[in-house]
Amino acid sequence: MVLVELLSGLSGLVKVKNCADIDSAVFKLHYRLTATLLFGFCLLVTANSLVGDPISCVHDAHPKMPDKVVNTYCWIHTTFTLPKYINKGYGRGTGVVYPGVGPHTPSDNLMYHAYYQWVPFVLFLQGLMFYAPHWLWRTWEGGKLESIVMGLSVPVMNRDERREKIYLLAEYLHSSIHYHNFYAIKFFLCELLNLGNSLFNMWFLNKFLGGTFLTYGIDVLYFTETNQDERTDPMIVVFPRVTKCNFNMYGPSGSIETHDLMCVLALNIINEKIYVFLWFWFVILAIISTLALIYRLLVFCVPAIRSGLLQKRARLRYKNGLDIITKKLQVGDFFLLYLLSKNVELVSFSSLMEELSSRLAKRPVHPDLEVSAPPQIPERYPLINENA
């Protein structure tokens with residue numbers, strides 16, 4: 001119940017808010033889905049009550065070695081495994097009780113595991129990183145789109161009010177033409193940050209997990225297709241469930257006694273599943289983000305693609321009007337129209353495009369259109385700020 005209450009606090013990231021849609025579906029995969037997953041995993045790892053204590057060490061009964069002290073000591077001072085026992089068989093007659101756990105000497109190479117203390121903090125930091133581009137774009141956008149939509153997203157509206165708002169919006173678009181390029185560039189930079197996040201997080205986790213993350217998912221897939229008796233589970237190698245710990249304390253004569261302990265890391269059962277999922281998700285997210293970025297470049301660079309998108313969204317009845325808009329508008333103007341098409345009701349957007357094309361062509365609007373003549377705008381209705 002505690003975990004459910006914690007996860008319910010993340011619903012605000014996933015919930016679709018009643019405001020202007022200022023980004024793309026791929027953008028939402030980063031700041032809504034990925035960030036929510038990472039914050040959720042952080043809470044899941046933090047809620048140790050799901051699997052009991054995060055670490056439990058086995059030791060001889062000793063009045064000076066209470067379980068809580070020993071467990072806390074080994075959790076703080078890290079545990080270790082021995083690489084020479086990783087790929088060897090274990091069980092009776094082998095001298096190895098678990099992969100990486102066996103008798104050792106001072107000359108043996110030890111692999112220390114301290115990452116599990118930092119897993120919740122790293123997951124939380126990653127969640128902030130994936131949310132940051134959205135926060136940056138929302139700050140740069142500054143509510144501009146929502147202010148110029150003026151309620152045209154509502155399908156049912158008074159005819160005169162609709163004509164009035166379309167006329168004002170077309171007036172703004174016409175008067176501010178060629179002034180939106182920087183607006184589009186800022187969005188493109190945020191999309192670059194999204195792709196950079198996916199690639200950087202894979203590199204960062206590879207460093208965090210000692211150079212094992214880049215091939216982690218491939219190793220797990222390969223393991224599932226081989227005989228488990230012939231190969232060690234890579235999840236156990238990266239996230240060992242049983243490790244060793246040296247506990248030092250003073251003996252009766254004041255000399256230092258070293259107690260060789262075996263510790264069970266129950267929390268790694270969750271960690272290994274989380275990072276397998278993250279490996280596949282980051283790979284998929286990087287591919288999708290790369291394709292989205294290529295698509296955005298094509299849209300920005302090829303006028304024919306922009307023309308096709310406008311035709312699909314606006315359903316203009318006159319090809320000449322579409323040609324005029326495509327030739328006269330620059331990348332930033334098209335990007336603003338693209339966002340408007342996602343937030344303005346279809347009939348209103350089609351009428352807006354016809355009105356805008358007639359202004360760009362410096363000719364009267366076709367008499368069959370809904371906004372065939374400039375409406376009489378009442379003085380009480382404020383004009384849109386042209387510098388918005």
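How do H8 and H11 run relative to each other, and which word describes their arrangement: roughly parallel or roughly antiparallel?

**Entry 1: two helices.** I looked this up in a predicted model. I found that helix H8, residues 181–208, packs with helix H11, residues 268–301, at an angle of about 155°, while their axes are 10 Å apart. Angles over 145 degrees count as roughly antiparallel, and H8 and H11 are therefore roughly antiparallel to each other. I also noted that H8 passes H11 in a left-handed crossing. I then listed residues that make the contact, including Phe187, Phe188, Glu191 and Leu192 of H8, and Trp279, Phe282, Val283 and Arg296 of H11. Sorted by class, this contact of H8 with H11 has 18 nonpolar, four polar and two charged residues.

**Entry 2: a serine in a loop.** I next turned to Ser24, which I found in the loop between helix H2 (11–14) and helix H3 (25–46). Buried means under 20% relative accessible area, so Ser24, at 8% relative accessibility, counts as buried. Leaving aside its neighbours within four places in sequence, I saw Ser24 in contact with Phe187, Glu191, Arg296 and Lys342.

**Entry 3: the nonpolar cores.** I looked up the largest nonpolar core, which has 46 residues, and Leu145, Leu169, Leu173, Leu337, Leu340 and Leu352 are those with the most contacts inside it. Helix H14, residues 331–343, gives the largest share of this core, with seven residues.

Key. Residues numbered from 1 in each chain as written. Predicted model: local features only at pLDDT ≥ 70, side-chain atom pairs only at ≥ 80, totals over all residues. Heavy atoms only, no water. Axes fitted to C-alpha atoms, helices over the stretch in contact; angles between N-to-C directions. Helix = DSSP H or I, 4+ residues; strand = E, 2+ residues; numbered from the N terminus. Parallel < 35°, antiparallel > 145°, perpendicular 65-115°, else oblique. Left-handed = near helix turned anticlockwise from the far one by under 90°. Contact = heavy atoms within 4.5 Å. Nonpolar A, V, L, I, M, F, W, Y, C, P; charged D, E, K, R; others polar. Core = buried A, V, L, I, M, F, W, Y, C linked by side-chain atoms within 4.5 Å. Buried < 20%, exposed > 50% of the residue type's maximum accessible area, 1.4 Å probe, protein only.
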